[in-house]
Amino acid sequence: MDKRNILITVTGLTPQVITETCYYLFIKKRPKIKITEVMPITTAYGKKLIIKTLLNPTNGKFYQFCHDYSINPNSINFNKESIIVLKGKDRKDLSDIRTKIDNEYISSQINDLIKNITKDINTSLFCSIAGGRKTMGVYLASALQLYGRKQDILSHVLVSPNEFENHKDFFYKPKKDLWLNASDGKRINTRNAKIELAEIPLIRLRERFTDQGTEKKTSFSETISNFQNKIDTSIALTSLSLNHASLSVCAGNSIVKLSPIQYVIYRYFINLKKENCKHPKRSNCEGCLDCYPEIYELEDDEFRIKLTEYYSEIFKKEESGLLENMKKVWLKRNNIISTNLRTNISRINKVLKTGLSDAEYYFCKIDNVAERRPAKYGIRIDKGNIAEMFQ
C-alpha cells in the first residue's frame with residue numbers, strides 16, 4: 001500500500017494557511033515533504049472560501065502554486081470532496097462556531113477524524129493549527145496528542161513581516177516576485193516574505209494509554225475522562241508478580257488464578273519483558289514493541305521447549321502424566337499451535353478481565369497489536385513494574 005502524507009488544517013476565514021503550509025513542506029523544508037492529500041477542517045462558509053480562492057479551476061491559488069513550482073495537482077487529493085465540514089447538533093453544516101454546544105459537537109468530530117485516520121499505519125499526518133477558531137486548533141492538538149504516532153507532526157505556519165500575514169492576496173511565496181498593496185497604502189514585494197513552520201512538541205499518549213481494539217464511540221469529553229482515568233490508575237499499579245505455587249497473577253491489589261497451561265503461557269510473555277528486552281538501557285517500555293513476538297515465531301522449538309520447561313516446574317515426577325499429556329499437545333513437530341495458542345490467550349484475558357480493575361487489565365492482558373502485520377503479541381506493563389517472581 002502506498003504511503004499517504006496528509007495535510008490536515010483547521011481553516012476559517014484565511015484559506016491562505018493551506019497554500020502557505022504546502023509551500024513550506026513542498027519547497028522549503030529539508031528534506032521536502034510530498035503531500036498526497038489535503039484535508040481542511042472548516043465550516044460551511046470556510047468551505048466556500050476554499051473553493052472560491054484555492055480550487056477555482058481558472059485562478060485558484062492552489063493551482064497557481066502547483067503551476068509555479070511544477071507540481072502535478074492531480075498527484076494531490078485536494079478537492080471539494082476532501083474538505084471536512086463540521087456539523088452542529090442538528091447534523092447540519094455549521095456556518096460558524098460560536099456556542100458551547102457547537103464546540104462540544106466539533107470536538108468529537110475532530111477527535112474521531114484523527115482517531116480513525118491514525119489506524120492506518122501507512123499514513124503520516126501533518127496537522128496545522130494556524131487557521132480557524134482557536135478552539136478548533138486546541139481540539140486538533142488534543143486529538144493528535146491522544147492518537148498521534150511518531151510520524152505525525154503538529155505545526156503552526158508563521159508568515160512575516162506582518163504585512164504579509166493574512167493579506168488577502170498573499171497565499172505563498174511565488175517564484176516570480178510580485179508587488180502587493182499593504183493595508184497602510186504602502187507597496188510590498190513578495191521577495192521579502194518569509195514562511196516558516198513551527199513544529200509543536202507533543203506528549204504522545206497513544207501507545208501508552210490507547211486501547212487499539214476499542215471501537216466504542218464516545219464523546220470528546222468522555223475520551224479525555226477515560227484517558228485521565230488510565231493515567232491516574234496506572235500510577236497506582238506499582239507492580240506485577242507471578243506466584244508459581246498458586247499459579248496466580250498478582251497485579252496491584254488484585255490476585256487472579258490461572259489454569260496450569262494458561263499460567264505458563266502468561267509466564268512466557270512476562271519473561272519476554274525482562275529477558276528479551278532489546279533496549280536494556282531504557283528505563284521504560286513506552287511505545288516499544290520490540291520484545292513482542294510475531295505469531296509465526298511462536299511456532300518454533302524455542303517456544304515449545306520453554307513452555308514445557310515452565311510446565312515441568314509445576315508438575316514434578318509424581319504428576320508426570322499431566323506433563324506427558326502437555327508434551328503430546330505442544331511438542332509435536334507437525335502440530336500447528338497458533339490456533340491453540342490464540343484460544344488460550346483469549347481465555348487468559350477473559351480471566352484477567354474478570355479479576356482485575358480496568359486499568360490493571362489494560363496493562364496486564366496479552367495484547368494483540370492487530371494494526372501490525374503480521375500481528376504481534378505481548379503485555380503492555382512497563383518492565384520496571386514487574387517484580388521478582390516467587391514460589
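Two strands pair if DSSP finds at least two bridges between them. By this criterion, β2 and strand β3 (residues 84–85) pair in the predicted model. The sense is parallel, and 2 bridges link the strands. Thr42 has Val85 of β3 as its bridge partner.

Strand β2 (residues 37–42) also pairs with strand β1 (residues 4–10). This pairing is parallel too and spans 5 bridges. Here Val10 is bridged to Ile41 of β2.

Buried means under 20% relative accessible area. By that cut-off, 6 of the 6 residues of β2 are buried, so the strand is largely enclosed by the rest of the structure. In a regular strand the side chains alternate between the two faces of the sheet. In β2, Glu37, Met39 and Ile41 point one way. Val38, Pro40 and Thr42 point the other way. Residues of both sets are buried, Glu37 and Thr42 among them.

Helix packing was examined for α4 and α5. Two packed helices are described by the angle between their axes and the distance between the axes. For helix α4 (residues 100–117) and helix α5 (residues 134–147), the angle is about 35° and the axes are 9 Å apart. The crossing of α4 past α5 is right-handed. On the α4 side, the contact is made by Asn103, Ile106, Ser107, Ile110, Asn111, Ile114 and Lys115. On the α5 side, Thr135, Met136, Tyr139, Leu140, Ala143, Leu144, Leu146 and Tyr147 take part. By class, this contact has 10 nonpolar, 4 polar and 1 charged residues.

A separate set of strands was also examined. An open sheet is formed by 3 strands in the order β9-β10-β11, with antiparallel pairing. Its edge strands are β9 (240–243) and β11 (254–257), each of which pairs on one side only. From one strand to the next, the twist averages 20°. Strand β10 (residues 248–251) is joined to β11 by 4 bridges, and these two strands run antiparallel. Within this pairing, Ser248 has Lys257 of β11 as its bridge partner. Helix α8 (residues 260–275) lies across β9 and β10. The helix runs at about 140° to β9.

Backbone geometry was then considered. Most residues other than glycine have a negative phi, and most peptide bonds are trans. Two peptide bonds described here are cis. The bond from Arg30 to Pro31 is cis, with omega near -5°. Pro31 lies in the loop between α1 and β2. The bond from Ser160 to Pro161 is also cis, with omega near -10°. Pro161 belongs to the loop between β5 (153–160) and β6 (179–181).

Positive phi values occur at Arg91 and Asn166. Phi of Arg91 is near 65°. This residue sits in the loop between β3 and α4. Phi of Asn166 is likewise near 65°. Asn166 is placed in the loop between β5 and β6. The term exposed applies over 50% relative accessible area. Arg91 has a relative accessible area of 72% and is therefore exposed. Asn166, at 53% relative accessibility, also counts as exposed.

Note on methods. Residues numbered from 1 in each chain as written. Predicted model: local features only at pLDDT ≥ 70, side-chain atom pairs only at ≥ 80, totals over all residues. Heavy atoms only, no water. Axes fitted to C-alpha atoms, helices over the stretch in contact; angles between N-to-C directions. Left-handed = near helix turned anticlockwise from the far one by under 90°. Contact = heavy atoms within 4.5 Å. Nonpolar A, V, L, I, M, F, W, Y, C, P; charged D, E, K, R; others polar. Buried < 20%, exposed > 50% of the residue type's maximum accessible area, 1.4 Å probe, protein only.
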